[in-house]
Amino acid sequence: MPAAVSSRHFTLNNGTSIPAVGVGCWMGVCGEGEHVTTMVKTALDLGYRHIDTAENYGNEQSVGKALRESRVPRDELFLTTKLDQSDHGRVKEAFTTSLTKLGVDYVDLYLMHWPMAYDESGNTLQPEDSPTLVETWREMERLLSDGKAKAIGVSNFSVQTLTELLAHASVVPAVNQVELHPCLPQHELVDFCSKRGILLTAYSPVGKTKFADDPAITAIASGHGPAVTNAQVLLSWGVQRGTAVIPKTVHAERLKENLQVIFSVPFCGGPDDLEHSGQLVHLSAAEMETLDQFHGKPGMHRSVCGFHSAELGGSCFGWTYAQLGWAMAVGGIHL
Ligand SMILES: NC(=O)c1ccc[n+]([C@@H]2O[C@H](COP(=O)([O-])OP(=O)(O)OC[C@H]3O[C@@H](n4cnc5c(N)ncnc54)[C@H](OP(=O)(O)O)[C@@H]3O)[C@@H](O)[C@H]2O)c1
């Protein structure tokens with residue numbers, strides 16, 4: 001059985017622990033495949049214990065196969081999957097299907113992937129249409145009763161949509177998983193979630209490498225020695241500011257590299273263990289500030305994700321940026 005090399009964790013508001021660095025399983029296209037199983041098995045061999053997938057990625061069976069073949073004890077793993085937009089009207093059924101596909105008795109975290117719901121024809125419902133995000137959340141809260149979802153949370157929620165949810169929720173989401181990197185730092189959302197005990201998980205944390213070779217990031221990496229990479233700087237920034245990070249890579253060397261970051265800022269219960277036997281990238285306050293302000297460079301404040309649409313004057317999956325509570329212009333460029 002592969003040993004865990006990383007014991008760095010954040011503590012969620014339900015008292016459970018989540019490894020600060022996980023591996024993301026969005027492979028760029030939907031679908032099962034041996035490449036997914038190989039990536040997750042390699043990650044587990046290297047010491048990853050946090051796996052992020054989704055019904056929408058179409059690869060839960062391949063992820064589950066990797067979990068079984070790696071033979072890492074289930075209680076050492078932190079497994080996240082997500083409720084698809086088309087399943088908001090049948091939460092329990094969709095959750096059970098995910099458990100079956102993954103081949104597990106429980107997941108550590110179940111997220112509402114997006115706040116908007118689709119109807120049976122795949123058309124997006126408006127925020128006021130049933131099931132609303134609040135109705136969907138209430139169904140997710142019920143999943144906690146039999147322990148098959150250890151924690152529940154949301155994804156792609158803004159201050160606006162979280163405020164709407166929290167006004168009606170019995171359970172505060174444990175996690176909000178959103179796009180976070182120095183081009184889209186979402187400082188206000190980070191502050192909002194931190195004050196309410198909601199851990200942010202950063203998706204696209206190396207910005208899909210679209211700006212990773214910027215000279216400012218290279219200068220920080222170089223200052224830590226020749227072995228430190230730009231990706232490690234980006235991930236270290238994410239973890240040091242108190243967010244979990246879930247970079248995806250199919251390359252073993254990059255998987256190893258991405259695991260070698262450290263954090264200093266406690267969140268909730270704080271770090272369980274700052275000791276780590278690998279190479280440590282610990283950013284100074286000045287380096288953190290440079291990365292915090294990186295989005296201020298002309299043209300830099302933007303999403304790196306391809307799901308933004310010019311439809312409706314700027315939207316994602318049928319909701320306008322105003323409905324999502326995102327201060328974006330057409331194409332995902334931040335206002
Ligand atoms: N909740 C949501 O709506 C949502 C949306 C998007 C993503 N996510 C989650 O977040 C995860 C990560 O996001 P992402 O895949 O969009 O972006 P990302 O992790 O920022 O970037 C992935 C890309 O960066 C490359 N890469 C990773 N580590 C690298 C390194 N150390 N050096 C050089 N290149 C590196 C990968 O290439 P190779 O594979 O070729 O190495 C891949 O092309 C996803 O897999 C998914 O689990 C969630």
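Helices (H or I, at least four residues) and strands (E, at least two) are DSSP runs here, numbered from the N terminus. With that in hand, select the loop between strand E7 (152–155) and helix H5 (159–166), where you will find asparagine 156. Its phi is near 65°, a positive value in a residue other than glycine.

Before moving on, note that this is a predicted model: local features need pLDDT of at least 70, side-chain atom pairs count only at pLDDT 80 or more, and totals for chains, interfaces and linings use all residues. Residues are numbered from 1 along each chain as its sequence is written, and side-chain values use heavy atoms, with hydrogens and water left out.

Next, go to the loop between strand E6 (109–112) and helix H4 (133–142), which holds proline 131.

Now zoom out to the whole protein, with its 11 helices and 15 strands. Its radius of gyration (taken over C-alpha atoms) is 19 Å, close to the 20 Å that the globule rule (2.2 Å times the number of residues to the power 0.38) gives for 335 residues, so the protein is as compact as a globular protein of that length. Along the principal axes, the C-alpha atoms fill a box of roughly 55 × 50 × 35 Å.

Then centre on the ligand and show the 28 residues around it (a heavy atom within 4 Å); Asp52, Lys208, Lys248, Thr249 and Arg254 come nearest. This shell divides into 11 nonpolar, 11 polar and six charged residues. Highlight helix H9 (residues 252–259) as well: its three residues are the largest share of the shell.

Finally, look at some polar contacts (pairs of N or O atoms within 3.5 Å). An N or O atom in the side chain of arginine 254 is 2.6 Å from a ligand oxygen. Ligand nitrogen atoms lie 3.0 Å from a polar side-chain atom of glutamine 177 and 3.4 Å from one of tyrosine 57.

Terms used:
Polar contact = N/O pair within 3.5 Å; in protein donor to acceptor, adjacent residues only side chain to side chain. Nonpolar A, V, L, I, M, F, W, Y, C, P; charged D, E, K, R; others polar.
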